[in-house]
Structures are given as C-alpha cells and as structure tokens.
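Here's a quick tour of one chain, written for someone who likes the cut-offs spelled out. Have a look at the model first.

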Amino acid sequence: MRVLLAASECVPLVKTGGLADVIGALPAALAEVGVEARVLLPGYPAVMAALQSVEDLGPPPGADATLAPGARLLSAQAAGQAAGLDLLVLDAPSRFDRQGGLYENRGIDWPDNPERFAVFAQTAAGIARDGAGKWRPDVLHAHDWQTALAPVYLAAWGVDTPSALTIHNIAYQGRFDATLAPMLGLPPAGYGQGWEFHGHLGFLKGGLMAASAITTVSPGYAREILTPAFGLGLEGVLQARRAALHGILNGADTAIWDPATDTALPQPYNAQDMAGKAEAKKALQSALGLAPAEGPLLGVVSRLTGQKGIDLLLAALPGHLARGGQLALLGTGDADLENALKAAAQANPSRVGVRIGYDEGLAHLFFGGSDAIAVPSRFEPCGLTQLYALRYGNLPVVARTGGLGDTVIDANPAALAVGAATGIVHEPGSATALDHALQRLSELWGEPAAWRAVQLAGMEHPIGWGSSAWQYRRVYEGLLRP
Ligand code: ADP
Ligand code: GLC
C-alpha cells in the first residue's frame, strides 16, 4: 500500500513543533507495517539544501501555474541527517524560497499564505490523481490546515483516491478572506457547505468536510474536539463526521530520542546505569548557571503560547522554589511570557535558568539533565515532550488533557502500589492544581525508592510508533475497502 504524506514540516529538515517530529518518524514506522510512505514538502531553502539524487518530474500536477509560476515537482532523497527520507518536493521559488519563518516573518504571517498552501495542497491532490513519475499513492494523507485543502480539490476534481486528514492542533485553522476562493480554484459550491466557515474561507473546515477519514493525535483529543470548549467552532462539523474520526496516539522516534545513544549528552545512560543522567544534570545546571539544589530540577521545552500554560507555571513557581526545587526552561514565543520568564530567572539566577530561543541540541540536554518535565497545557492534542521525558527518566508533570492524559499514569496510591505510575497528572488550567502537583513531586523526590520506581516504570513505558502505525494502516485499509 502506498501513502502520500503531505505536510508543511518534517524533522530534521524543517520544524516549528511536534508536527515535524511526527512526519519525520511516520515513514519508517509505516514501513514496519508494510505501508510505503513518501513525504511531500514545500521547497523551503532548508529542504532544497538537503536534497540528493534529485529527479525533476516537471510542472507539479494539479498546481495552478498562476499561483506558483515556474514551479517544478522534484523527487529526491534527503541527505545527511535526514538520510532515508524519500521525498517529493514542490520547488516553487516564488512561494517558498525566502528567508524567515515557515509561516511568518518577524511575527507577521506571510501575506500570501493562502496562495502558498493552496498551491501546495493542489500539488498533493495532483499527485493523488496523476501520480509522481511512476509512483502513485493509494491514499492521500494530509496534515493540518496547510494541506487540508487537498481533499477539497480531490472532491472538486471528481478524483476518487481516498484521503485522510490529521488534526495536529485545531487551534490553527487557516482562516482567510472568502473572496480568495476563486483565485485558489475552489468550487463555488463550497459556500454554505464545504470550505465556507462563518463567512470566511476555512482551509481546515473544508478538509474536515471533504476528507474520507479524519484522525487526530490522541484518543483524548478526539473526544475533546467534539465539544465547544476544545472544538473551537469546528465541533459541529466533527460531530457530523464522528463516524469517520479516529484518535491515534503519536509515538516518539526512539532512534532520535534515546539516552543510550544520544550524542548531545555528556555520557549515555540507560535504566540500569543512570550515572550519565547525573552528569547530564550537572551539564545542564552549568549551561544555565544554576547552583546545585536539594529539590528536583524541573525542565520545560516548549513553544511559549497560551496553549502551553506557562503563565500557570510562573504562578506556581514560588512554591516550587520554596520547596527547594529548580526550573530550567527552553522556549520561544509570546514576548510577554519571554519577558516574565527572563524576570523570574533574574530574580533567582541560581534556581531558575531560562534560555529563550530554539535549540534542538540543547533540548536533548534538557531531557537528559532534568529530573522532571512540566507540561501544564490548557489543551494538548498529543504532546511529545512528555514522551521524551519518560524515555529519559524524567517524571512528567502534566495536565489531564488530550494526549497528556493518555500517556502519563498518575502517581496516585493505587498506581504506586502496583508499580504502574509514570508521572504526575493534574487538573488543567489551574495554577493551584499545578502547585499541588509540584508539591506532590517534591514529596516523591523525598522518597528516593518511590521516585526510582516511577522513573523506571516511565523508562519502560512504550513510547514508540508500533501500535499507532498499525492503527493508521487499518484506517488506510478501511478507505481502500469501504
Ligand atoms: P507542539 O507541537 O504543540 O509545539 P509537541 O510537544 O508536540 O508540541 O512538540 C514540540 C516539539 O518541539 C518537541 O520536539 C520539542 O522538543 C520541540 N521544541 C519546542 N520548543 C523548543 C525549543 N525552544 N527548542 C528546541 N526544541 C523545542
Ligand atoms: C501539535 C500539537 C501537539 C502534537 C503535535 C504533533 O503541534 O500541539 O500536541 O503533539 O501537533 O501531533
């Protein structure tokens, strides 16, 4: 079975968040279950620079040449660190060859995002219709709003290749001015039923209406997005399509995230020999100018947005520090949060270390060197840092929402008694609840045998793609044999 994964990010080439980790890992995970996947990416500079064995397949099928003059579809292998990825690339310099962010420049969205991702989605649909060279997918699998129009084009063109659309985060919907629709080649029939969303053009809305199957990245989030509080206006559409909606938990790429082989750590370690973890903690403390402390070192690696609950963490921080704990945070995002975090570090330089920026290598040291990892999100479709935390022997302290609740087993007395606990789970959206969770963390820290048991259970918890890859395969099969 052949599947085209159309996505706007892919590790290690281009990444702003977990979507990239997932797309980077899925092809190998799907190969294990007999699914041949190729990834279609936009030709950003970082992607173009990493290509080898490039074959020019000509003008991209399906793509409107006026939206991307001179565009070519390339078939290529990724080189270097990305070796092994079998890529298709939309080489469209007028849309993707530019310095700046993938979706924005200095905090302002690229004004031509509708054109950029419409022509990208057209290309995905075109490959599903005509193939790419000799390769033709059985299923088109789109991810998030950037590729959500692909199923809409398939339907508009009367192509019967089935499609799946994965929601990685329903907060990003790709909403634009409805007057753009004709230029983007969208059918007028969309008004009132397809891509139209409260008078706007909704990329994600259109995709959710048109895709043969819808998936999201955890069973918990699949339930939550059916409600107004989490569906963010799309709950009605999802309720109508409930029979086509599947929650499939993300995995982690255990080749990249493994303390036994991680070259970003001063010394590798594993569950039996944890000496390297102590070394990593010293290295992290020294990198951030932190002094040794009696309490646990709580790490955070996160985008700094309202979703992630960093404001709640700031509110709960004094209690954590008063109990002897430390905080190490790596993140970038909202200026207000960045400033508040910097101020917290300045007020307490030996106990609070903050690194503003994006640094993949340092993220690995954060997972190696922290004792616990906090993910106090208000909502979290899946979340990956709690999975990396488990693998690296950190206790995840997470809000009970979305995939966080599906991946961490709270250290309540029952779970502790049977050795099942892997972390601490608290009510979302509440600084008081987070404070209480961090208090429980300190209590556990004070009982080394109990801490060690939770740590070991976490390190043994399966975080790979195994069962989720099978679930995707079953979804694809269901589309091919309706
Ligand atoms: P989201 O996709 O919502 O940001 P996830 O937990 O799914 O959340 O994925 C975030 C990914 O981005 C993880 O791989 C995490 O390690 C990484 N990440 C987030 N912020 C940074 C940062 N400042 N530096 C390095 N990696 C980061
Ligand atoms: C989104 C979500 C995150 C999820 C990631 C990968 O960015 O915010 O929870 O882990 O996508 O699916």
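Is Cys-10 buried or exposed? Cys-10 counts as buried, at 0% relative accessibility (buried means under 20% relative accessible area, exposed over 50%, partly exposed in between, with a 1.4 Å probe and protein chains only).

## Ground rules

This is a predicted model, where local features need pLDDT of at least 70, side-chain atom pairs count only at pLDDT 80 or more, and totals for chains, interfaces and linings use all residues. Residues are numbered from 1 along each chain as its sequence is written, chains are lettered from A and ligands numbered from 1 in the order in which they are written, and side-chain values use heavy atoms, with hydrogens and water left out.

## Cysteines

A disulfide is a covalent bond between the sulfur atoms of two cysteines. Counting pairs of cysteine sulfur atoms within 2.5 Å, you get zero disulfides.

## Overall build

The chain has 20 helices and 20 strands (DSSP runs: H or I of at least four residues for helices, E of at least two for strands, numbered from the N terminus). Its radius of gyration is 23 Å, close to the 23 Å from the globule rule for 482 residues, so the chain is as compact as a globular protein of that length. That radius is taken over C-alpha atoms, and the rule is 2.2 Å times the number of residues to the power 0.38.

Of the 482 residues, 59% count as buried.
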